[in-house]
Amino acid sequence: MSDLNLAGTGLIEMGHCPVVPSDGLAHDHGTLVFLGPDEPTFWPMFNQTPEYNDDASDSLDRWSRRTIDAIAARAHGAAYYPFGGEPFLPFYTWALRTGQAWASPIGFLVHKNAGLFASYRGAVWISEDRPIQTATQPCLTCDAPCKAACPADAFAPGYDVAACKAHLNAPQGASCLSDGCMARRACPVGTDLRISAQAAFHMKAFR
Ligand code: B12
Ligand code: SF4
Ligand code: SF4
């Protein structure tokens, strides 16, 4: 199996899936390797980067492009990103194909290690095929505290983005803003990986 040499990048592999022609990518074969933050050490590392410390917007996306473009170049591959405007690439659907993440009872992806804080900074296409991975969805043996944890009842059913944002903009939304989505935090998977400041950064951008 090829190695993307991720040591020191702040990123880890979150799973991989084969490319199929219907993905409509420049490549109709090979493997997409999904990269996410190496938590909990990622956040203090990112805080030292030029992108975090300049005054321009979209610091995490700019850092992701710089870092993952370099990883892809070293691997003689190509980089793909979940951000950058419409049409968005189908990262959610791809994540399901990795066998390492699943649709949770509240719709968000749940990853075998990161839980509901699953997120992807990008994907690197490599020409080699890799064996499919499998794992057991944690929800199968869980009482699903995620379903009842949202104080705004935003998952009943689907995801009511307006209800979520109304809560975030009210005084009662302080906990979601400072420590991250309460529904995502209710997940027992990956509780030791989370940093409040990192969640607050994302919630501020989301609000
Ligand atoms: C648009 C978008 C949003 C929109 C709408 C989400 C929605 N209702 O679908 C808004 C702005 C609301 C949103 C919010 C958030 N998002 Co968002 N979002 C996206 C984005 C950029 C595009 C989605 C898309 O249209 N894809 C294109 C379509 C064609 O492909 P697809 O994604 O495979 O399509 C499937 C999904 O849309 C899925 N789906 C359908 N309904 C819903 C509802 C939810 C809630 C989800 C998660 C998926 C989902 O079904 C489709 C078919 O299988 C993706 C990144 C990406 N490129 O996919 C992130 C992404 C889905 N979001 C993500 C994240 C992290 C968030 C936030 C948590 C941001 C944050 N605070 O950090 C918030 C949620 C707030 C909270 N309560 O914490 C993660 C996944 C997180 C997870 N564990 O599920 C992704 C993958 C980005 C990433 N870099 O990892 N997001
Ligand atoms: S709280 Fe339980 S049911 Fe909900 S996503 Fe996490 S493991 Fe799955
Ligand atoms: S951020 Fe707060 S209000 Fe929004 S979905 Fe999560 S728990 Fe509900």
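**Exercise 1.** By class, how many nonpolar, polar and charged residues does the shell around ligand 2 have?

*Solution.* The model is a predicted one, and the first step is to list the residues that surround ligand 2, namely S104, P105, V110, L116, P138, C139, C142, A144, P145, C146, C187 and P188. Sorting them by class then gives 11 nonpolar residues, 1 polar residue and no charged ones.

**Exercise 2.** Determine which element gives the largest share of the shell around ligand 3, and how that shell divides by class.

*Solution.* Start from the 13 residues that surround ligand 3, of which the closest are C150, C164, C176, C181 and M182. By class, the shell around ligand 3 divides into 12 nonpolar residues and 1 polar residue, with no charged ones.

**Exercise 3.** Decide for C139 and for C181 whether the residue is buried, partly exposed or exposed.

*Solution.* C181 has a relative accessible area of 15% and is therefore buried, since this value is under 20%. C139 has a relative accessible area of 24%, which lies between 20% and 50%, so C139 is partly exposed. As for disulfides, the structure holds 0 of them.

**Exercise 4.** Describe the second largest pocket by its volume and its lining.

*Solution.* The volume of the second largest pocket is about 220 Å³. Of its 18 lining residues, I12, E13, M14, H111 and N113 are the closest to its centre. Strand 1 (residues 11–18) gives the most to this lining, with 5 residues, and by class the lining has 7 nonpolar, 7 polar and 4 charged residues.

How values were computed:
Residues are numbered from 1 along each chain as its sequence is written. Chains are lettered from A and ligands numbered from 1 in the order in which they are written. This is a predicted model: local features need pLDDT of at least 70, side-chain atom pairs count only at pLDDT 80 or more; totals for chains, interfaces and linings use all residues. Side-chain values use heavy atoms; hydrogens and water are left out. A residue is near a molecule or strand if one of its heavy atoms lies within 4 Å of it. Ala, Val, Leu, Ile, Met, Phe, Trp, Tyr, Cys and Pro count as nonpolar, Asp, Glu, Lys and Arg as charged, and the others, Gly among them, as polar. A disulfide is a pair of cysteine sulfur atoms within 2.5 Å. Buried means under 20% relative accessible area, exposed over 50%, partly exposed in between (1.4 Å probe, protein chains only). On a 1 Å grid over the protein atoms alone, a cavity is a set of points where a 1.4 Å probe fits but cannot get out, and a pocket is an open set with protein on both sides within 12 Å along at least five of seven lines; lining residues have an atom within 4 Å of a point. Grid points are joined across faces, edges and corners, and a volume is the space filled by probe spheres set on the points. Helices (H or I, at least four residues) and strands (E, at least two) are DSSP runs, numbered from the N terminus.
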